[in-house]
Amino acid sequence: MIMDTIAGKSLNLIPITVNVFSLRWLACLLIVVMEMVAATPPIIDLVKVQIQDRAELNRLRQFASDVDDHYSDWQQGFKTIYADDAEQAMLKAAGFNFQVVIENLSDYYAQRAARDRLTRHAITHSMGGFRTLSEIEQTLERLSKTFPNIVAKFSIGKSYEDRDIWAIRISDHPKVYEPSEPTVWFDALHHAREAMSGESLLLFAEWLVNHYAIDLTVTRLINSRNILLIPCVNPDGYEYNRQQHPNGGGLWRKNRRKHGNNRYGVDLNRNYGWEWQYDRSEQNNGNYQGKAPFSEPETAAIRDLLAQQTPSMSVSVHTHGNEWMYPWGYTALPTPDEDIFRTYAAKIVATNGYTTDTAWNLYGITRGASDDYHYGMHNSLAFTVEIGNFVDGFWPSPTRIPALFNTVQPGYQKIAQWAGAWASVLAPFWTEQLGNGDEWFDAGEIWNLSLLIKNEGVLPLNAEVSVSSHTPDIMTEDGPINISLAPRQEALTPSLQFHFADMIDSEIPYILDIALNYDGFISNEPLKMVLGPSRILADNLTTIAVLGKVAQGNLVRLFVSGTAEVTAEVFWSLETTTAQYLPNIEGAVYLAGNIQSLLKGMTDINGELSGLLHLPKSTELSGKTVYLQALLDYEGKPFVSRLTQVRFE
Ligand code: 0X9
Ligand code: ZN
């Protein structure tokens, strides 16, 4: 069909004069033939070309249209390119030494995917394990239908071929942009062949919504941020790859702008209007920047959305290279925010081992990339991520999808946290007010507690902090206290005074509950302390605490602290007069009332285990006392903790 229309158009151009073999006629015939050839995709190999120096690299760029831009590899004496036979012939004629490393790279990817999709642990969507464009759209649609209270889908504009560029907003009022809440931006698939980039955002979206109202951090994030995800910036290129290679492996990079002369596409990550310049790149080059900044509808749509819903932080996802980079890409000069970028990026690469640096240092010059525009124009702290290694390539094995997602998930989450105010408790500082003067907490003493709190985020933090105890043996009447911290500032809070009862047990861990109230949401963290001289948690000492306000319908965290790496199960019962036996536990009377299991698992190497609980909505619970007790399997012997009492409000 494509051939028919092309042939039809060209035939119209045939001059009607009798002068049949005119040059014009020949030229037209040539175009028809060329376009017929173009209808079947060229077979592209992965080729390594020997490179001596920068001059030779520059010369290579004149012959090779698709040079893998990873900056460092040429210094090891070679450069990776993606080239068909015709281009390889030209390289040979030009005197380059090269080696075909993978023949027919698209087929190689598709076959690897087909083979690996059958194995366990593979996420298996239809295009070599990845979602097609229509499957991406279906996923966004499903998320917005299943979670209408926190997900809304909308189109940010149309592509060159008139496809919608879909976005979702994950937030507490997702249908509207809430300017009072910071925006964090994620986009992917500027480059059509970088399949894992879009997939990582869909997995992130799924992870977020599945943890809403279950995980306190995620709940805070969704309630207090506009989380914007655009998983496919380049729908035309992505769909083109599917049409050419339905089982994955397509190698098309740019959008599908038609230049004529069988030339297509603009590199969307060279088309942004920050320090954009003509660099004489050809229309058929993989990095062609377009004829003007924002000449492409895709980048123009992003520009317009960015101006309306400006993020404080953003991530543009690509593959591959295991890199987490930041501006500038257009100049070797550092940005004025180099320290901030580097500090944030260092925290992320500590979780995944990626390389971090400026885009310039990793790739050499790239003008018109999205991160330079986000940062240059809007001051957003913008990162570009390259997921996966060289073996993963553009279409990683489906068995690698979960692991690759795990390399970026912590970073995405941290960026979402840092995009607004974000409080974290770095350390507690205790000072004795009244006591025997030794360094231990003892029964009957009074101590002051001050918390070192850091605002990790890019916006000012105004929080109310309170610390409560679930045992009457440790009491405070102080708080809540208010703290204000500038972005990235840390400070000690004013102190809170704690009284330890005269009869309080020593050498067992106690858990205090730090509540952080800001952005209209309260989250809780445990603060562990031990009375008495031991300071080291003895193996058989276990404490359970409920963090958060124990009231019906609330989300609280149950926390066990004590013995390392033992299986632990926490039971609870309501106040009652009749004693009962715990099921499956021989002979021992444990709790009174209706015993139920709350939390099961293995404590970690710090002896900790925690889980989130939804307290039931039942008025019967108000004013009642709940008893909690942990049962531990300690080297085969059952061990029971002391009872912890918690009162329902
Ligand atoms: O060339 C690109 O656009 C990115 N690499 S990729 O292999 N995914 O094509 C790197 C861009 C580096 N420049 C900036 N981030 N500014
Ligand atoms: Zn890319």
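Two strands pair if DSSP finds at least two bridges between them. Helices (H or I, at least four residues) and strands (E, at least two) are DSSP runs, numbered from the N terminus.

The model is predicted: local features need pLDDT of at least 70, side-chain atom pairs count only at pLDDT 80 or more, and totals for chains, interfaces and linings use all residues. Residues are numbered from 1 along each chain as its sequence is written, chains are lettered from A and ligands numbered from 1 in the order in which they are written, and side-chain values use heavy atoms, with hydrogens and water left out.

**View 1**
S10 covers residues 313-319. With strand S12 (residues 381-387), S10 pairs in the parallel sense over seven bridges. Ser-314 stands opposite Ala-382 in S12. Strand S6 (residues 183-188) also runs parallel to S10, joined by five bridges. There, Asp-187 has Ser-316 of S10 as its bridge partner. Is S10 mostly covered or mostly open? S10 is mostly covered, with seven of its seven residues buried. Buried means under 20% relative accessible area, exposed over 50%, and partly exposed in between (1.4 Å probe, protein chains only). In a regular strand the side chains alternate between the two faces of the sheet. In S10, Met-313, Val-315, Val-317 and Thr-319 point one way. Ser-314, Ser-316 and His-318 point the other way.

View 1. Contact means heavy atoms within 4.5 Å. Leaving out residues up to four places away in sequence, Ser-312 touches Pro-182, Thr-183, Ser-380, Leu-381, Ala-419 and Val-458.

**View 2. The zinc ion (ligand 2) and its protein donors.**
Donors are N, O and S atoms within 2.8 Å of the metal (3.2 Å for Na, K and Ca); water is not among the atoms, so sites may look incomplete.

**View 3. Helix H5 and its buried side.**
H5 (residues 105-117) has 13 residues. From first C-alpha to last, H5 reaches 18 Å, close to the 18 Å expected at 1.5 Å a residue. The expected span is 1.5 Å times one less than the number of residues. Which residues of H5 are buried? They are Leu-105, Ser-106, Tyr-109, Ala-110, Arg-112, Ala-113 and Asp-116. These residues cover an arc of only 160 degrees around the axis, which puts them on the same side of H5. The arc is that of the directions from the helix axis to the C-beta atoms. An α-helix has 3.6 residues a turn, so residues three or four places apart point the same way. The buried residues of H5 pack against strand S1 (45-50), strand S2 (78-83) and strand S3 (98-102). The face turned away from this buried side carries the exposed residues Gln-111 and Arg-115.

**View 4. The largest nonpolar core.**
A nonpolar core is a set of buried Ala, Val, Leu, Ile, Met, Phe, Trp, Tyr and Cys residues joined through side-chain atoms within 4.5 Å. The largest one has 100 residues. Which of them touch the most other members? They are Ile-170, Trp-324, Tyr-412, Trp-430 and Phe-500. H7 gives the most to this core, with 10 residues. Apart from this core lies another, of 21 residues, among them Val-556, Leu-599, Leu-628 and Val-646. Leaving aside neighbours within four places in sequence, the contacts of Phe-500 include Trp-430, Phe-441, Trp-447, Ile-474, Met-529 and Leu-531.

**View 5. Asp-372 in helix H13.**
Helix H13 spans residues 370-378 and holds Asp-372. Is Asp-372 buried or exposed? At 0% relative accessibility, Asp-372 counts as buried. Trp-328 is 44 residues away along the chain, yet the two C-alpha atoms are separated by 5.8 Å. Not counting residues up to four places away in sequence, Asp-372 touches Trp-274, Pro-327, Trp-328, Gly-329, Tyr-330, Thr-366 and Met-377.

**View 6. Glu-282 in a loop.**
Glu-282 is placed between strand S9 (263-264) and H10. Glu-282 is partly exposed, with a relative accessible area of 46%. Glu-282 and Ser-65 are 217 residues apart in sequence and 8.4 Å apart in space, C-alpha to C-alpha. Leaving aside neighbours within four places in sequence, Glu-282 is in contact with Arg-263 and Tyr-288.
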